[in-house]
Amino acid sequence: MARAATDLQQLAREHLWMHFTRMGGYGDDEVPIIVRGDGCYLEDANGNRYLDALAGLFSVNIGYGFGEEIGQAALEQMRELPFYTNWSYAHPRAIELAAEVASLAPGELNRVFFVSGGSEAVEAAWKLARQYYVARGEKRLHAAVAEPETRHDVLAAGSRTLPRRTKAIARHVAYHGTTFGALSLNGIPALRMPFEPLVPEVRHVRNTNRYHRPSEETEEEFTRFLLDDLEQTILAMGPETVCLVHMEPVQNAGGCFTPPAGYWQGVRALCDEYDILLSADEVITGFGRLGYWFGSERYDIRPDIITCAKGLSSSYASIGAVIATDRVMEPFLEATSMYAHGITFGGHPVMCAIALKNIEIMKRERVIENVQENEVAFKAKLETLLDLPIVGDVRGTGFFWALELVKDKETRETFTDEECDTLLRDFLSPALYDAGLICRTDDRGDPVIQISPPLVAGETEIDEIVSKLGDVLVQAWERMGS
Ligand SMILES: Cc1ncc(COP(=O)(O)O)c(C=O)c1O
């Protein structure tokens with residue numbers, strides 16, 4: 001039986017611990033409780049309606065309207081086989097989904113390892129990279145026993161020696177998840193600090209934020225500048241100790257940093273030169289957000305590994321995946337070789353059935369085509385907001401956009417930490433929500449509003465997003481001015 005909104009409020013306050021949430025903030029304020037969704041819209045426990053311009057968390061790619069159809073696929077799978085594991089066994093849905101994902105992924109990315117979500121995918125990618133070089137036969141740093149002869153010697157050597165290539169490179173301000181490995185890749189000091197010491201060793205290189213670069217710098221110079229930084233970092237770490245470069249095709253945290261021309265080709269070339277695996281974190285960009293099945297295709301990244309999750313099932317299920325190339329898989333195909341990693345729910349049959357149905361719906365409903373058909377108009381409409389004094393930059397691609405908010409458009413001066421708190425937390429977040437628009441205000445880098453609606457949104461929803469944003473940003477400027 002459905003509980004009354006007041007009961008839910010009470011129970012939420014007493015028992016629910018929300019993620020990344022200042023729980024003390026709900027002393028007087030109501031906990032926002034979302035009770036249903038349809039298309040691009042959500043409804044809360046008080047009957048208010050919201051346009052979800054964030055698609056859950058950059059993730060409900062087909063929108064909220066396919067519960068019946070996906071539910072039916074889940075029910076059929078529950079009847080047939082509610083659970084079995086991918087540890088040493090296969091089952092039809094995991095096999096079918098692996099083949100489907102491999103067919104959508106670009107190039108030689110043909111091998112799929114399932115996990116439960118984005119952090120687990122990133123975690124698994126770094127572990128895979130570490131083990132790849134060992135499996136390939138690369139020498140270890142400290143050989144503990146000279147020539148192992150017995151099985152015991154081999155195990156002893158394995159436990160007392162370190163793989164040579166263990167380090168990873170990611171970018172400043174990037175978000176890659178919260179489990180220890182993924183957290184260590186994060187380039188957001190405030191998220192890392194409470195949990196240090198983290199997994200050694202990650203260094204962060206410059207991201208592709210162009211907005212605060214010198215105005216006279218050409219795109220080519222910018223690309224060179226970024227690639228020099230990456231190469232210097234590889235050299236400083238010791239190229240023979242680095243196993244992974246892990247980056248998003250378009251970086252989310254900091255606000256949709258798109259790559260300058262030649263950037264990905266340069267990153268790929270450096271990874272080739274120093275024999276480092278390149279991993280594209282497509283937890284957000286995978287499955288259509290940039291108007292392609294994968295952002296790697298959009299930018300011709302040619303990664304060795306892709307991590308994905310959210311859009312794989314449009315978040316109707318908790319499933320993610322690591323997709324590896326034939327080259328990465330090769331050493332693991334040796335008779336005695338094994339990627340020493342697994343989790344109970346990786347490749348859960350019901351989650352796989354849901355993801356398969358999601359992909360079927362995405363194809364049938366022409367979801368990727370919808371992004372391509374609407375992205376130019378979406379960009380143009382968002383750019384009308386540049387007329388407002390508070391909007392310094394509009395950037396992104398596909399259905400993945402950010403507005404950077406500034407104090408002074410001429411100088412591109414940003415708000416202080418205190419001002420950001422007032423602007424984003426005290427005013428914009430609640431004001432947008434009250435206006436019936438869910439999007440995200442973020443100051444992990446400079447202050448931005450992130451816009452990332454379901455990929456089924458059309459002209460009506462785009463107009464509503466832009467109009468509501470405009471109204472609230474006018475009020476925000478008045479408020480900050482005073
Ligand atoms: C790029 C990227 N990688 C990894 C993650 C972690 O995914 P999850 O929250 O499913 O663990 C996220 C989450 O937003 C993400 O945006």
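Glu201 lies in the loop between α8 and β6, where helices (H or I, at least four residues) and strands (E, at least two) are DSSP runs numbered from the N terminus. This is a predicted model, in which local features need pLDDT of at least 70 and side-chain atom pairs count only at pLDDT 80 or more, while totals for chains, interfaces and linings use all residues. Residues are numbered from 1 along each chain as its sequence is written, and side-chain values use heavy atoms, with hydrogens and water left out.

The peptide bond that leads from Pro200 into Glu201 is cis, with omega near -10°. Pro197 is also placed in the loop between α8 (189-192) and β6 (202-205), and the bond that joins Glu196 to Pro197 is cis as well, its omega being near 5°.

Positive phi values at non-glycine positions come next. Ala55, which is not a glycine, has a positive phi of about 50°; this residue belongs to helix α2 (residues 55-58), and at 0% relative accessibility Ala55 counts as buried, a term that means under 20% relative accessible area, with exposed over 50% and partly exposed in between (1.4 Å probe, protein chains only). Asp300, likewise a residue other than glycine, has a positive phi near 50°, but its place is in the loop between α11 (295-298) and β9, and with 38% relative accessibility Asp300 counts as partly exposed.

Beyond β9 the chain reaches Ser313, in the loop between β9 (305-308) and β10 (320-325). Ser313 is buried, at a relative accessible area of 0%. Apart from neighbours within four places in sequence, Ser313 is in contact with Ile319, Ile354, Ala355 and Asn358, contact meaning heavy atoms within 4.5 Å. The C-alpha atom of Ser313 is separated by 8.2 Å from that of Cys352, although the two residues are 39 apart along the chain.

The axes of helix α3 (residues 67-80) and helix α13 (residues 349-364) come within 9 Å and cross at roughly 145°, the axes being lines fitted to C-alpha atoms over the stretch in contact and the angles running from 0 to 180 degrees between N-to-C directions.

A second pair is formed by helix α14 (residues 367-383) and helix α16 (residues 459-481), which pack at about 15° with their axes 10 Å apart. The two are therefore roughly parallel, as angles under 35 degrees are classed. Asn374, Phe378, Lys381 and Leu382 of α14 meet residues of α16 that include Glu459, Ile462 and Leu469.

Cys40 is in no disulfide, as the nearest cysteine sulfur, in Cys439, is 14 Å away; Cys40 counts as buried, at 4% relative accessibility. For Cys308 the closest cysteine sulfur is that of Cys352, and because 12 Å separates the two sulfurs, they are too far apart for a bond. Cys308 is also buried, with a relative accessible area of 0%.

Methods. A disulfide is a pair of cysteine sulfur atoms within 2.5 Å. Angles under 35 degrees count as roughly parallel, over 145 as roughly antiparallel, 65 to 115 as roughly perpendicular and the rest as oblique.
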